[in-house]
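Please keep the sequence and the model in view while reading.

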Amino acid sequence: MKLTEYRINNKKFPGKYVFALVSDLHGNEPSEVIKMLENMKPDFILAPGDIFEPLDGTKNDINEAGFELLSACSRIAPTFFSAGNHEVGGIRSWSPKWRGMVKKKSYDAESMKKLADTGVCFLDDEFTLSHGIAFAGLCSGLINEGGVPKLDFLSDFCSCDAPKILLCHHPEYYKKYLRDMDIDLIVSGHAHGGQWRFFGRGVFAPGQGIFPKYTSGVHDNKLVISRGLKKGGTIPRIFNAPEVVKIIISPD
Ligand SMILES: [Fe+2]
C-alpha cells in the first residue's frame, strides 16, 4: 500500500485543507489503511464507492471490512461516502453481457443501520454543507436505464456559494457529464489504475476500455482518481500498487 500525495491550488478554498481519498476496498482487510489515515491526520476523508459489495444483505461477511474502515475513518475526521457500482449491485461492470441490465437499488435496512452507525455521511445523489464546504455524492448509474447517473441534483449543488467537492465513483463520468460544471474537486476510483500499468498508463478500465485516459492522478487541477485499496483479485495488479491518496488544497 502506498501513500500518494497531490497538491491543488484553488482560490475558492479559504485556507489549506488536507483530504484523504480512499476507494475500492472490495472487502480487503483495512488495518494498514487505517494506520495510514491515523498518521496522515486529514481534515476530511472522502470515500467515493466500492468500499462494500452490494448493500442488500447478501454480502454481510465481506462487507464487515468496509464497516470497520468507515468507522475508523469517522473517528479520524469527518467522512463522506458515496455508492459505487458494487454497492448498488452493478458488479460485472466490465462485461458487455451485463450492461443494460436495469435494476432497482436494494439497500437493506440492516446494512443502512450499520452504515449510519459508522458515523459517516452517506451522500446518495444529494449534497450537504459542512464546515463551509459543499460535499456531494453521485451514485453509480450503472443499474439505471442506459447506465446514466441521476444528475439532476447537481444544478442546485453547483449553485452553492461555497467550495464544492463531488464524490463520483466513475472517473469516466468526468468527460461525459461533469467537466464543464462549476465543481472545485471531483474524487473518483473504480478504474483500479487500469489494473496493469506500463509507461505510466493503465491498460484497461471498465467503462473506458483499453488504454483508458482516466485511471489515476490529477486531471485539469480538479479531478483526482484513486487507484483503489484492493490488493489482490482474480486479475493481479502489475506495476500498480494500491494506494491511499492525500490531497492538499490551498488557495495559493
Ligand atoms: Fe467500481
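Under the pairing rule used here, there are 16 aromatic pairs. The rule takes rings of Phe, Tyr and Trp (its six-membered ring) whose centres lie within 6.5 Å, and calls planes under 30 degrees apart stacked, over 60 edge-to-face and the rest tilted. F13 and Y17 count as edge-to-face because their ring centres are 5.8 Å apart and their planes stand at 65°. Both F13 and Y17 are buried, where buried means under 20% relative accessible area, exposed over 50% and partly exposed in between (1.4 Å probe, protein chains only). A stacked pair is formed by F80 and F135, with 3.9 Å from centre to centre and 10° between the planes. Since F80 belongs to strand 4 (residues 79-81) and F135 to strand 7 (residues 133-138), this pair ties together parts that are 55 residues apart in sequence. Helices (H or I, at least four residues) and strands (E, at least two) are DSSP runs, numbered from the N terminus. F80 counts as buried at 3% relative accessibility, and F135 counts as buried at 0%. One aromatic cluster is formed by F13, Y17, F19, F44, F80 and F135.

The model is predicted, and local features need pLDDT of at least 70, side-chain atom pairs count only at pLDDT 80 or more, and totals for chains, interfaces and linings use all residues. Residues are numbered from 1 along each chain as its sequence is written, and side-chain values use heavy atoms, with hydrogens and water left out.

Next comes the metal site. Which protein atoms are the donors of the iron ion? They are D50 (OD), N85 (OD1), H169 (NE2) and H190 (ND1), at 2.1 to 2.2 Å from the iron ion. Donors are N, O and S atoms within 2.8 Å of the metal (3.2 Å for Na, K and Ca); water is not among the atoms, so sites may look incomplete. The angles among the four donor atoms run from 89 to 172°, and the site is irregular. Four donors count as tetrahedral if all angles lie between 85 and 135 degrees; four count as square planar and six as octahedral if opposite donors are over 155 degrees apart and all others between 65 and 115; anything else is irregular. Along the chain the donors have the spacing D-x34-N-x83-H-x20-H. D50 sits in the loop between strand 3 (44-47) and helix 2 (60-76), and H190 in the loop between strand 9 (185-188) and strand 10 (197-198), so this pair ties together parts that are 140 residues apart in sequence. D50 and H190 are both buried.

The nonpolar interior can be taken next. A nonpolar core is a set of buried Ala, Val, Leu, Ile, Met, Phe, Trp, Tyr and Cys residues joined through side-chain atoms within 4.5 Å. The largest such core has 32 residues, and L37, L69 and F81 have the most contacts inside it. Two or more residues each come from strand 2 (17-21), helix 1 (31-40), strand 3, helix 2 and strand 16 (243-250). Helix 2 contributes the most, six residues. Setting aside neighbours within four places in sequence, L69 is in contact (heavy atoms within 4.5 Å) with L25, P30, V33, I34, L37, I51 and L229. A separate core has 20 residues, including Y6, F44, L167 and V187.

L37 is part of helix 1 and is buried, at a relative accessible area of 0%. Not counting residues up to four places away in sequence, L37 touches A20, V22, P42, I45, L69, C73, I76 and V244.

C73, one of those partners of L37, is buried at 0% relative accessibility. How many disulfides does the structure hold? There are zero, a disulfide being a pair of cysteine sulfur atoms within 2.5 Å. The sulfur of C73 has its closest cysteine sulfur in C121, 13 Å away, which is too far for a bond. For C160 the closest cysteine sulfur is in C158 at 8.3 Å, also too far for a bond. C160 counts as buried at 15% relative accessibility.

Two backbone angles remain. Most residues other than glycine have a negative phi. D125 has a positive phi, near 55°, and lies in the loop between strand 5 (121-122) and strand 6 (126-130). D125 is buried, with a relative accessible area of 18%. F199 also has a positive phi, of about 50°, and is placed in the loop between strand 10 and strand 11 (201-202). F199 counts as exposed at 87% relative accessibility.
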